[in-house]
Amino acid sequence: ISVIVCKAAVAWEPNKPLKMEEIQVAPPQADEVRIKIVATAVCHSDLYHLLENRNTDGFPTVLGHEAAGVVESVGEGVTEFQPGDKVIPVFLSQCGECRFCKSPKTNQCVTAWTRIHQDLMASVESRLSCNGKRLHQFMGTSTFSEYTVVHQTAVAKIDPNAPLDKVCLIGCGISTGYGAAVNTAKVEPGSTCAVFGLGAVGLAAVMGCKSAGAERIIAVDIIADKFEKAKVFGATDFVNPKDHDRPINQVLADMTSGGVDYSIECAGKVEVMRSALESCVGSWGVSVIVGWTDVCDVAVRPGQLVAGRTWKGSVFGGKVGIPGMVQAYLDKKLKLDEFITHKMTLDQVNDAIDLMKQCKCIRTVLTVCQQ
């Protein structure tokens, strides 16, 4: 197995456009899989690292973590995968052996985070380089590249009939939002829910609430145009905080006789996290933080929790099971096509990033390689 020379979009420094480069992708080492990326989508977490993260040491890097592809080659000791397998690389790997992996309560893994520098949002190891300089591998995946090398515990084999330009979304956003409703909040039939933030993750949370049997799903966003899209996924009401001169939690309390049963925050802003918590009913409401940020503290008063509210966090939707999510899509039990608002090529990645910065897309899928 030899080094592959291919194209990748490299972020040489923060707050600058990505640059298409010719990079070198080393052969997979023991327990690693080299993947030809067929399709990848732009997620806000990519923008967070590029534009908001205050740690500039995580550069140069190849961003991208929501993708699907085909196994090109495998390293020593890899038996579960072989060349030609359709796969989704996963930014949160699962060793399958530790206490956390064996627990039904979490999708965290003891070894997963040892392979990632959290402050750099990058793998400890990287098989990517450009002009002799090592490139960071974003969240262990780096899918804005024609090829990437991933640890075998961070790869999910999927149905060979799955369209990769659709199921790539399961690699992050859809699993994250859907699982937050179904697995973390554990939304119950007949309940009332509020979802804050109607990007792809928020819309997937709406879809999860609908799937779980929620009777009323209130979509909350400051962009009114998003309501029609939210309806497609099951939203019954839309509230724009800009339309009201009082706190949104008070508006929702009046609409629901004291607060929603479940609130799911998908905006990644601490002020929204607090609003979402205060919007659920004080005695039994469950509020879930999904949106990612690590640059600000969030504060609440103890009285907001003492009466019985539960405040939870959710990463990657809990134990969603990627192959099962793909099968649900193939069985027409899960929407994916409706999330895709734009299709481009990897060369147009900066245009896709601009669309997301301007809130003009839900998901832009980039074609990277032909299958």
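Visitor: How many aromatic pairs does a search of the whole structure find?

Guide: The search finds 3 aromatic pairs. Rings of Phe, Tyr and Trp (its six-membered ring) pair if their centres lie within 6.5 Å; planes under 30 degrees apart are stacked, over 60 edge-to-face, the rest tilted. Take Phe233 and Phe339: the ring centres are 4.4 Å apart and the planes stand at 35°, so this pair is tilted. Phe233 belongs to helix α5 (residues 226–233), while Phe339 is in the loop between α9 (322–330) and β20 (340–345), 106 residues apart. Helices (H or I, at least four residues) and strands (E, at least two) are DSSP runs, numbered from the N terminus.

Visitor: What should I know about the model itself?

Guide: This is a predicted model: local features need pLDDT of at least 70, side-chain atom pairs count only at pLDDT 80 or more, and totals for chains, interfaces and linings use all residues. Residues are numbered from 1 along each chain as its sequence is written, and side-chain values use heavy atoms, with hydrogens and water left out.

Visitor: Is Phe233 buried or exposed?

Guide: Buried means under 20% relative accessible area, exposed over 50%, partly exposed in between (1.4 Å probe, protein chains only). Phe233 has 2% relative accessibility, so it counts as buried. Phe339, at 0%, is buried too.

Visitor: Where is Thr256, and which residues is Thr256 in contact with?

Guide: Contact means heavy atoms within 4.5 Å. Thr256 sits in the loop between α6 (248–255) and β17 (262–265). Leaving aside neighbours within four places in sequence, Thr256 touches Thr192, Arg216 and Ile218. Thr256 is buried, at 14% relative accessible area.

Visitor: What does the side chain of Thr256 reach?

Guide: A polar contact is a pair of N or O atoms within 3.5 Å; within protein, one must be able to donate a hydrogen and the other to accept it, and residues adjacent in sequence count only if both atoms are side-chain atoms. Here the Thr256 side chain reaches the backbone oxygen of Leu252 at 2.6 Å.

Visitor: In which sense do β20 and β21 pair?

Guide: Two strands pair if DSSP finds at least two bridges between them. β20 and strand β21 (residues 363–367) pair in the parallel sense over 5 bridges. Ile340 has Arg363 in β21 as its bridge partner.

Visitor: Why is helix α7 described as largely enclosed?

Guide: Of the 10 residues of α7 (residues 270–279), 8 are buried, so the rest of the structure largely encloses this helix. Among them are Val272, Met273 and Leu277. The buried residues pack against β14 (192–196), α6, β17, β18 (286–289), α8 (303–306) and β19 (310–313).
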